[in-house]
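I'm going to look things up one at a time and jot down what I find.

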Amino acid sequence: MTADGAELLPGDPLTELKGIGPKSAETLSAEGFNTVLDLLLHLPRRYEDRTRVTGLDKPIEAGSWVLLRGSVTGVRVRRLPGRKIIVDGLVDDGRGNLKVVWFNHRWIHTRLADEPELYLYGQVREARGGSLQLVNPEIEAVSDEAPRIVPVYRRLGRFGGRRLRRIIEQCLPVADGCHDPLPETLQKRFGLPSLNEALRELHEPNLPEDDTRRAIALEELHRGGGPYHLRLAFDELLAFACAMGSRKAARSSVRVPKIKTSVVDESRVRELLPFVLTGAQRRVLGEIQADLGSGKPMARLVQGDVGSGKTAVAALAMLTVLDSGHQVAFMAPTELLAEQHARTLSDVLAATGHTVHQLTGSLLAAEQRRVRQELADGTARLVVGTHALFQESVKFRDLGLVVVDEQHRFGVTQRQALAEKGKTPHLLVMTATPIPRSLALTVYGDLDLSVIDELPPGRKAVRTHLRFEESRSKVIDFVRDEIAAGGRVFVVYPIIDLSDEIEAAALTDHEASVREALPEAGIEILHGRLDRTQREEAIARFRDGSAQVLLATTVVEVGVDVPQASMIIIESAHRFGLSQLHQLRGRVGRGERQAWCVLMADSHLGEEARRRLEVVCRSNDGFEIAEADLEFRGPGELTGIRQWGPAGFRFANLFRDRTLINVTKDLAAECQSSGDLDDFLENLSTYHRVDIGWAGD
Ligand code: ADP
Ligand code: MG
């Protein structure tokens, strides 16, 4: 029912819901939620089992989450400077009592006064002095809500907790009225529940009464296993497969001029590069050149672990296209990387007469205008940039090739936007994201795949160690020795400034003590808040050796290439994903020197966190690390993961649902001609807003 009693429909605006006025609707719209259906598709992140009331006559452990039923007595309200407010009291359930405290819950005491008996759900923590207290519990009137499984949603703007739950609850009856886009025959064939049922069960699961069986069912929900998640993931992956299929079909029907590839042959490569290509690089260059010469637009993904030499291959592909008279755009995910690529390309192409132009957001407006002008009239032939290259105002005279570096940082839509700047330019995408081959082929379903599966010769595996705070002085000694021996050292921090919210080492906090500990060393700072000149200076001094230590944030994560760097210290290493650590570690070990990586961690690191980090110490294989990363990440993330693949999947998890990927791909191919999926495809945009850029297909 809507606020005025009419029946609520999936497409209704959120203002139809009780408690949502125009202002709240605006907040939700800013989060991408505009209709009742949008909220229905906002699935719980996890569930709390609030079916068992804990009695205060039994001992409670610090750290546990409990549901109490009782009254709150002795309520005190204390106002502190800075509009801070602390409310505390004593929960009494007739069998015992426990201290309770709320920090900055402005109105909680008024609600406490209204209710003689409450449910309180929250975590018990140890207070100073060792006594236990319940901290910031949610409260419910006993009359309001019986103990139950409570869905917990990701916050939407200022809506969270109980308030968001109340809003989404109102939407649930609408699930019954949702049109199910998947034909019933297909639902039956794959044993899938209906969309309505899936949505209902995910928001309000019906779990078995029996304690053990309920725990198992809950665990399955948390993993995102089970038929209801499967149904949503199925639709999403099917939508994706259909889009990929039609895009690939569309492209293979286009004809483009054949590019003469013989201009970049082995002897030319030898002249231009200071090293000999590895066998894998040569093979991949051959695959690219075959595409360029085929008369059809290339769409190729080059995958290679960090340091495998993707840039050199891309440079030679670019040269091939430049020499045939077309323009080339090279896009990097960060300014830092764009600047570095521009420099590398200038070196490699110095003898060829091609000039490298740059287009990034931090260039002066006049400079940007000049580059845009030259790209439009064709005087500028090769441009390296960031997403600034997507702007509408950027036009090319004759764009022949688009190269996208470190694809995992870009959505497909962005890639598409750039590709659309030419009629149908060739497309080369490079990534170090270690996706198993079979998965890559399906996820990047519209791209052909080349793999650089060999590292340049003479590389020694980086030696990686886990060290704890107690041995910091030894680590500093190690750094000092490394510098004395001619090495250069990255120190990477998860955050720039100390933070109340994140317990982690901060760059600005450490800077003084690092300078003090290494008085003879040149020390530079690099992070996203610096401007372009400061950044370039820092990197240049580190590159030319006038600085031997670079304190940085993860801006150095992708692609930064300083071959003399021989050591990387990663502070608060447990703050990073394993694949990210591997990527960071790839900054060293690019030269002849034995390289080292030290993962610094907190002394009270948990057992599991420790085992995660040990995987990185043990293995130098990106694929192995990626799989371990997923395993450890486990049930934490309920809905889609973003770090893999081009699409920001909302429901599907490419690892968990990997068998589905192939099933839906086959189904999409099967139905493309039969028309069984016409209704599905027509209704897709209602249910799925995944970033797969089908608008143009
Ligand atoms: P990535 O694949 O991570 O992008 P890069 O292209 O940055 O790797 O290359 C890593 C380093 O290896 C660079 O310093 C590059 O000059 C060097 N390199 C690339 N190919 C070779 C090769 N065949 N022989 C020796 N060094 C190479
Ligand atoms: Mg690279």
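**Entry 1: a histidine contact.** I started with H326, whose side chain makes a polar contact with the side chain of D398 at 2.7 Å. My note on the term: a polar contact is a pair of N or O atoms within 3.5 Å; within protein, one must be able to donate a hydrogen and the other to accept it, and residues adjacent in sequence count only if both atoms are side-chain atoms.

Before going on, I wrote down the ground rules. This is a predicted model, where local features need pLDDT of at least 70 and side-chain atom pairs count only at pLDDT 80 or more, while totals for chains, interfaces and linings use all residues. Residues are numbered from 1 along each chain as its sequence is written, chains are lettered from A and ligands numbered from 1 in the order in which they are written, and side-chain values use heavy atoms, with hydrogens and water left out.

Where does H326 lie? I found H326 in the loop between α11 (310–323) and β9 (327–331). Helices (H or I, at least four residues) and strands (E, at least two) are DSSP runs, numbered from the N terminus. H326 has a relative accessible area of 17%, so I put it down as buried. The cut-offs: buried means under 20% relative accessible area, exposed over 50%, partly exposed in between (1.4 Å probe, protein chains only). Not counting residues up to four places away in sequence, H326 touches I259, V321, R381, D398 and G400. Contact here means heavy atoms within 4.5 Å.

**Entry 2: the whole chain.** I zoomed out next. The protein chain has 23 helices and 20 strands. Of its 697 residues, 53% count as buried. I also checked contacts between residues at least 6 apart in sequence: 73% of them join residues at least 24 apart. The accessible surface comes to about 31,200 Å², and 49% of that belongs to carbon and sulfur atoms. Such areas come from the Shrake-Rupley method with a 1.4 Å probe; for residues, only the protein chains shown count as cover.

**Entry 3: ligand 1.** Which residues come nearest to ligand 1? Of the 16 residues around it, I wrote down V276, Q281, G307, T311 and R459. A residue is near if one of its heavy atoms lies within 4 Å. By class, the shell has 5 nonpolar, 6 polar and 5 charged residues. For the classes, Ala, Val, Leu, Ile, Met, Phe, Trp, Tyr, Cys and Pro count as nonpolar, Asp, Glu, Lys and Arg as charged, and the others, Gly among them, as polar.

Then I looked at atom pairs. A polar side-chain atom of Q281 lies 2.8 Å from a nitrogen atom of ligand 1. An N or O atom in the side chain of T311 is 2.7 Å from an oxygen atom of the ligand. For S308 I noted a polar backbone atom, 3.4 Å from an oxygen atom of ligand 1. On its own, ligand 1 has 570 Å² of accessible area, and the protein covers 85% of it.

**Entry 4: aromatic pairs.** How many aromatic pairs does a search of the whole structure find? I got 4. Rings of Phe, Tyr and Trp (its six-membered ring) pair if their centres lie within 6.5 Å; planes under 30 degrees apart count as stacked, over 60 as edge-to-face and the rest as tilted.

One of them is F190 with F234, a tilted pair with 5.2 Å centre to centre and 50 degrees between the planes. F190 is in the loop between α5 (184–189) and α6 (195–203), and F234 is in helix α8 (residues 226–252), 44 residues apart. F190 is partly exposed because its relative accessibility is 25%; F234, at 1%, counts as buried.

Another is F478 with W596, which is edge-to-face: 5.3 Å centre to centre, 75 degrees between the planes. This pair links helix α16 (residues 472–484) to strand β20 (residues 596–601), 118 residues apart.

Entry 5: N104 is not a glycine, yet I found a positive phi of about 55 degrees. N104 is in the loop between β4 (97–103) and α3 (108–114). S572, also not a glycine, has a positive phi of about 45 degrees. Is S572 buried or exposed? At 10% relative accessibility, S572 counts as buried.
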